[in-house]
Amino acid sequence: MLAKNKRIFSLIIKIAIVILAFWFIYEKLIGHKDLKSFLQLIDLMPHAEIWLMLSSVIGLMLMNWGIEALKWKRLIKQVEPISLWLAIESVFCGLTWAVFTPNRLGEYGGRVFFLSPKRRIIGVVAMAVGNIGQLVLTNVFGAIAICIFVYRFTAIDHSLFLAVLAIAIAFCLFFIIFYFNIKWLNGILLSMRFTRKYKKFYAILARYKKLELLKILGFCLARYLVFSTQYFIMFLWLIPSINFFDVVMLVSILFFVQSSLPSLDLLDIGIRSITAIFFFKYVTQENTAVVACIASIWLINIIIPAILGSYFVFKLNFFGSHNRN
């Protein structure tokens, strides 16, 4: 393909991605009742208080994705060292792709197209390692929270609860052991004949030593604490009577359920709201405030970054590498 044709084709793809993302966002926002409930709840509050709370949550959103950029930079250094700013661009670009793709799969494409062509598939594997680390924490904290929830809010037999606790412990240990021995996956893939020919792509798994995986998990933990804090702020602001430790428990369960269900980012808000109402009914009857909290965080954490990332979509180079440091 001629260089001119490549540029034209690349521009068409970029425009199509941005249009598709904005169309999905517009369709979801135009009739969003939960967001309207949120606006109604804060309408009578002092403007200074509104700005303080929303600024705090938006600031935490930027911190969250900033930490993700640092994690991505760390992950990808095994493949192709990149600057922090390029990592930030690729993270936000990936968020634009993520809003209209199932299970955020587009996020992989949005990031790895910032790498040189020969390293893009390996980049997908590196990104998967970081996502597994995030999943480990979500599952571990979620399993602990579910055990607490079952103990507090269900009339479960003592022996049955011990069985649930044993399953939860085994579940947590499985994820922790698997993550810190991610190189086992490399060995499993090598043992299968039909995957052996792709070993140059997943061989990177063997490069992640336990200390490096622990550092990556540290970034994952920082992100988990940041976006958990966003929920704490919103719930304690809109439902002052709610207990802080109940929010900690239920938010962990909410994250766990979200990570377990296949979804589309823009449709995910419905799943989040239904899940939140089901679990939060045990500690509060303020259902309107609950869905308003979920909707506001969804807007701040998903929609705003996706809109910001649309600018970086036009910096993608589908047919070449980015010679930037």
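Reader: Which residues lie nearest the centre of the second largest pocket, and how many residues line this pocket?

Author: This is a predicted model, and in it the second largest pocket is lined by 14 residues, with Phe141, Tyr224, Val248, Met249 and Ser252 lying nearest its centre. The volume of this pocket is about 230 Å³, and at least two lining residues come from each of helix H6 (120-153), helix H11 (210-238) and helix H12 (244-260).

Reader: What is the make-up of the lining of the second largest pocket by class?

Author: The lining has 11 nonpolar and three polar residues, while no charged residues take part in it.

Reader: Why is Asn139 called buried?

Author: The label is given to residues under 20% relative accessible area, and because Asn139 has a relative accessible area of 5%, it is buried. Asn139 belongs to helix H6, and, leaving aside residues up to four places away in sequence, it touches Phe171, Phe175, Phe256 and Ser259.

Reader: Which residues of H7 are buried, and what covers them?

Author: The buried residues of H7 are Phe161, Ala168, Cys172, Phe175, Tyr179 and Phe180, and H6 and H11 are included in what covers them. Phe175, one of these buried residues, is also touched by Asn139.

Reader: How do you know what span to expect for helix H7, and how far does the helix reach?

Author: The expected span is 1.5 Å times one less than the number of residues; helix H7, residues 158-180, has 23 residues and reaches 33 Å from its first C-alpha to its last, close to the 33 Å expected.

Reader: What makes the radius of gyration of the chain agree with that of a compact globule?

Author: A compact globule of 325 residues would have a radius of gyration near 20 Å, and because the chain has 21 Å, the two agree. Along the principal axes, the C-alpha atoms fill a box of roughly 65 × 50 × 30 Å, and 49% of the 325 residues count as buried. Among contacts with a separation of 6 or more, 75% are between residues 24 or more positions apart.

Reader: How many helices and how many strands does the chain have?

Author: The chain has 14 helices and zero strands.

Methods
Residues numbered from 1 in each chain as written. Predicted model: local features only at pLDDT ≥ 70, side-chain atom pairs only at ≥ 80, totals over all residues. Heavy atoms only, no water. 1 Å grid on protein atoms, 1.4 Å probe; cavity = no way out; pocket = protein on both sides within 12 Å on 5 of 7 lines; lining within 4 Å. Points joined across faces, edges and corners; volume = space filled by probe spheres on them. Helix = DSSP H or I, 4+ residues; strand = E, 2+ residues; numbered from the N terminus. Nonpolar A, V, L, I, M, F, W, Y, C, P; charged D, E, K, R; others polar. Buried < 20%, exposed > 50% of the residue type's maximum accessible area, 1.4 Å probe, protein only. Contact = heavy atoms within 4.5 Å. Rg over C-alpha atoms; globule rule 2.2 N^0.38 Å.
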